[in-house]
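Here's a protein to explore on your screen. Let's take a friendly tour of how its pieces pack together.

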Amino acid sequence: MADYSWFNKRYLRSIDQLRPWSGNPRLNPEEQHSNLRDFIEEIIQEDKDKKNFMDLLRSIAKSGFIPADPIVVWQNPKDGRYYVAEGNRRVLALKLLRDPGKAPRDIRGTVKSLSNTWPRIDKIQVNIAPTFEDAEWYICQRNSTSSLQQKWSRLQQMRWVESLYERYADDTD
């Protein structure tokens, strides 16, 4: 039986220590990603993905970083660096808010203005997988259609939202 105890522990790590993973399925494997801007440009290439990334930036700037979903990293034994297996977009957003000058030109102005308003943080909680193969387990659980996790149907989501409205007397805040 596999040992998943690493997943129950979180460690505080500097955002600057965390490296984007070039094997991220959101990225074109034929492209070279040598700096932060390369990763961001690839992630926001499609209009829908750009809108979602900008929404993520706005959310973090307004509400801060909410560590509900784990950031899963592994330490590469060859260079000793921590690479993000799960949570790349969130880490990229945090990196941009910390240093908006690294943003691609077409979003730089927005990132700069958001950067002035967010509750700046330097470190976040991460789960450190012992190996990349252990990180793969979580990637599969989180993103695979064969995962045992099942998303709610539209009806189930609507029921949940309705129960929240009732519980909080229609107060959307």
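What follows is a short walk through a pair of helices, the nonpolar cores and one proline. Keep in mind that this is a predicted model.

Let's start with helix α1, residues 36-43, and helix α3, residues 88-98. They pack at an angle of about 125°, and their axes lie 11 Å apart.

Which residues make the contact between α1 and α3? Here they are, helix by helix:

| Helix | Residues in the contact |
|---|---|
| α1 | Leu-36, Phe-39, Ile-40, Ile-43 |
| α3 | Arg-89, Leu-92, Lys-95, Leu-96 |

Sorted by class, that contact of α1 with α3 has six nonpolar residues, two charged ones and no polar ones.

**A well-covered helix**

Stay with α3 for a moment. This helix is mostly covered, with ten of its eleven residues buried. Among the buried ones are Asn-88, Val-91, Leu-94 and Arg-98. What does the covering? The list includes β2 (18-19), α1, α2, β4, α4 and β5.

In soluble globular proteins, nonpolar side chains tend to be buried together. In this model, the largest nonpolar core has 33 residues, and Phe-53 and Ile-124 have the most contacts inside it. At least two residues of this core come from each of α1, α2 (47-63), β4 (82-86), α3, α4 (105-115) and β5 (123-129).

What does Phe-53 touch? Leaving out residues up to four places away in sequence, Phe-53 touches Ile-40, Ile-43, Ile-44, Arg-89, Leu-92, Ala-93 and Leu-96. There is also a second, separate core of ten residues, and this one includes Trp-21, Ala-129, Tyr-138 and Ile-139.

**A proline in a loop**

Last stop: Pro-104, which you'll find in the loop between α3 and α4. How far is Pro-104 from Val-126? The two are 22 residues apart in sequence and 26 Å apart in space, C-alpha to C-alpha.

Methods
Residues numbered from 1 in each chain as written. Predicted model: local features only at pLDDT ≥ 70, side-chain atom pairs only at ≥ 80, totals over all residues. Heavy atoms only, no water. Axes fitted to C-alpha atoms, helices over the stretch in contact; angles between N-to-C directions. Helix = DSSP H or I, 4+ residues; strand = E, 2+ residues; numbered from the N terminus. Contact = heavy atoms within 4.5 Å. Nonpolar A, V, L, I, M, F, W, Y, C, P; charged D, E, K, R; others polar. Core = buried A, V, L, I, M, F, W, Y, C linked by side-chain atoms within 4.5 Å. Buried < 20%, exposed > 50% of the residue type's maximum accessible area, 1.4 Å probe, protein only.
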